[in-house]
Amino acid sequence: MTPAFTRIRSARRAIITLLLAAAVYEAAARSGYFAPALLPTIPTIATTLFGMLADGTMLWHAGYTLYRVLFGFALSIVVGLPLGIMMARFQPVERFLLPLVSALMPIPSFALVPLFMLWFGIGNLTTIMIVFYAATFPVLFNTWTGVRSVNPLWLRAAGAMGADEHRLFWKVIIPGASPFIITGLRQAFLRCWIAVVGAEMIAASDWGLGWVIFDAKEFLNADIMMASLAVIGGIGFVFERLVFGSLERATVMRWGMMRMAKG
Amino acid sequence: MPHIEVRDVSLAYDTPSGRVQGVDGVSFDIDQSEFLCLVGPSGCGKSTLLNIIAGFLAPTGGEIRIGGARVTGHGMDRGVVFQDFAQLFPWRTALGNVMFGLEMKGVGKEEREKIALNQLKLVKLEKFVRSYPHHLSGGMQQRVAIARALAYNPAVLLMDEPFAALDALTRDDMQRLLADVWRETRKTVVYVTHNVAEAVYLADRVVVMTPHPGRVKSEVAISLARPRDPLSIEFLEYQKQLLHQLGQAAA
């Protein structure tokens, strides 16, 4: 089977799943058991969504949110990746950082929003820092695990072929740890989305998908909430499937280091 | 002067049940371009000894000299092939794997591609240069590993049961191929195996080791013309002789 054909089929399956879920929702919304203001029908949500897209407000909201997510995500890679590698390579670093990681990791990023607001004020900085906090640990943890699980035989073989520390690192350890690193990035990005919406509800003003949702409750605008949720889901889906999916296909799947599920 | 000198080499290590003498006072020489097999039951220290020659392990006593120079660590004068297929880098194609050592050596891109292609041709894999290891069979992967170990032109090839995990038919093919490769490259080879027929087929000389502690029991020179016929009377005689030595070792 050609990869293109497989991809078309997997896209078709994804659409079927989404259509089915939408049909169930629509049936519930039209059943008459719920107030239309609380459970708007899909056409209503779609109208609201297109209206907000047409006048540009939704694009601005999504743009702000995306900016905060990508900024925080990038920061978490810049910090988490080297720290994870250093933890796995140098025991003193591991001994020093591991208790800190273990203590900080379980704190929900949402619980830090009020504190960060005091420190960084209302707006971009707080939300970016919350995203950064939420994403750093999955990146760091998976990198740490990945580097430690690099097959020692690769290191031995590379050493026998004259690889020095520097090239061992770039040409063996990084690609060898890549299945874990990619998984870490994936988890981190998901956490970014969860964190940004929560942070925006409290710590953002005027712009951002989280803020729109929170603001809409004042006016009982469930359709705006739903429209914003659809945008969040849509962007998340695009990143998950296109960005991380392609990254996996181009690397670890092509190398046979990670396989697709059978059947 | 012999190419490799193994001088009174010992390696002891601690286990929960006490100190174990993995290799105990082993000495022998290996000549330039000689194919030497280390044979013995598991636990006789043959793989440990190979790892000491490779420089991955430091002996607790004695020394290894290669070309007169004392071994203090791994070096590019030795190529190593392991038993495990997973030794190849999965993120590199067959060609990329074979080029690795040349890359480390600082050979230019065009030159190293040319050398690597030739090496893959030597192990009859010219059709699979762009394949990733996971698309290759176990036997092919081990051929890539041999090509990879030879590519940067080490004087010594160290092999640790490279065909032990292959099926019998593939193993026979691989032994023939290795005999051809050795005839063409004339490397000094140290080859660890527990398979007596394999040793008689490949080796100029077989060193028989016994376990607990790991010592050299005897040395048997195989003076059969190549290519060898595994079904000839003489071949079977050598096999019997080695099995006899090993049988005594077990008793």
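Reader: Which pattern does chain A follow, read along the sequence?

Author: The model is a predicted one. Read along its sequence, chain A has the pattern α-α-α-α-α-α-α-α-α-α. In counts, chain A holds 10 helices and 0 strands.

Reader: What box do the C-alpha atoms of chain A fill, and what share of its residues count as buried?

Author: Taken along the principal axes, the box is roughly 70 × 55 × 30 Å. Of the 263 residues of chain A, 36% count as buried. As for contacts with a separation of 6 or more, 71% of those in chain A join residues 24 or more positions apart.

Reader: How is the packing of two helices to be read, and at what angle do H2(A) and H10(A) pack?

Author: One may begin with the angle and the distance of the axes, then turn to the residues. Helix H2 (residues 42-54) of chain A packs against helix H10 (residues 222-250) of chain A at about 70 degrees, and their axes are 8 Å apart. Angles of 65 to 115 degrees count as roughly perpendicular, and H2(A) and H10(A) are therefore roughly perpendicular to each other. On the H2(A) side, the residues that meet H10(A) are Thr44(A), Ile45(A), Thr48(A), Leu49(A) and Met52(A). Their counterparts in H10(A) are Asp223(A), Ile224(A), Met226(A), Ala227(A) and Ala230(A). By class, this contact has 7 nonpolar, 2 polar and 1 charged residues.

Reader: Turning to chain B, what is the order of the strands in its open sheet?

Author: The sheet has 4 strands in the order S2-S1-S4-S5 (chain B), with antiparallel pairing. Strands S2 (18-30) and S5 (69-70) of chain B stand at the edges; each has a single partner strand, so one side of each is left without a neighbour in the sheet. Within the sheet, S1 (residues 4-15) of chain B pairs with S2(B) in the antiparallel sense over 9 bridges. Val9(B), for example, has Val26(B) in S2(B) as its bridge partner.

Reader: Which strands does helix H1 of chain B lie across?

Author: Helix H1 (residues 46-54) of chain B lies across S1, S2 and S4 (61-66) of that chain, and runs at about 120 degrees to S1(B).

Reader: How many residues does each chain bring to the contact between A and B, and which helix of chain A gives the most?

Author: Chain A brings 16 residues and chain B brings 20. On the side of chain A that touches chain B, helix H7 (152-160) and helix H8 (165-203) each supply at least two residues. H7(A) gives the most, with 6 residues. By class, that side of chain A has 9 nonpolar, 4 polar and 3 charged residues.

Note on methods:
Residues are numbered from 1 along each chain as its sequence is written. Chains are lettered from A and ligands numbered from 1 in the order in which they are written. This is a predicted model: local features need pLDDT of at least 70, side-chain atom pairs count only at pLDDT 80 or more; totals for chains, interfaces and linings use all residues. Two strands pair if DSSP finds at least two bridges between them. Two residues are in contact if their C-beta atoms, placed from the backbone, lie within 7 Å. Axes are lines fitted to C-alpha atoms, for helices over the stretch in contact, and angles run from 0 to 180 degrees between N-to-C directions. A residue is buried if 20 or more other C-beta atoms lie within 10 Å of its own, exposed if 12 or fewer, and partly exposed in between; C-beta atoms are placed from the backbone. Angles under 35 degrees count as roughly parallel, over 145 as roughly antiparallel, 65 to 115 as roughly perpendicular and the rest as oblique. Ala, Val, Leu, Ile, Met, Phe, Trp, Tyr, Cys and Pro count as nonpolar, Asp, Glu, Lys and Arg as charged, and the others, Gly among them, as polar.
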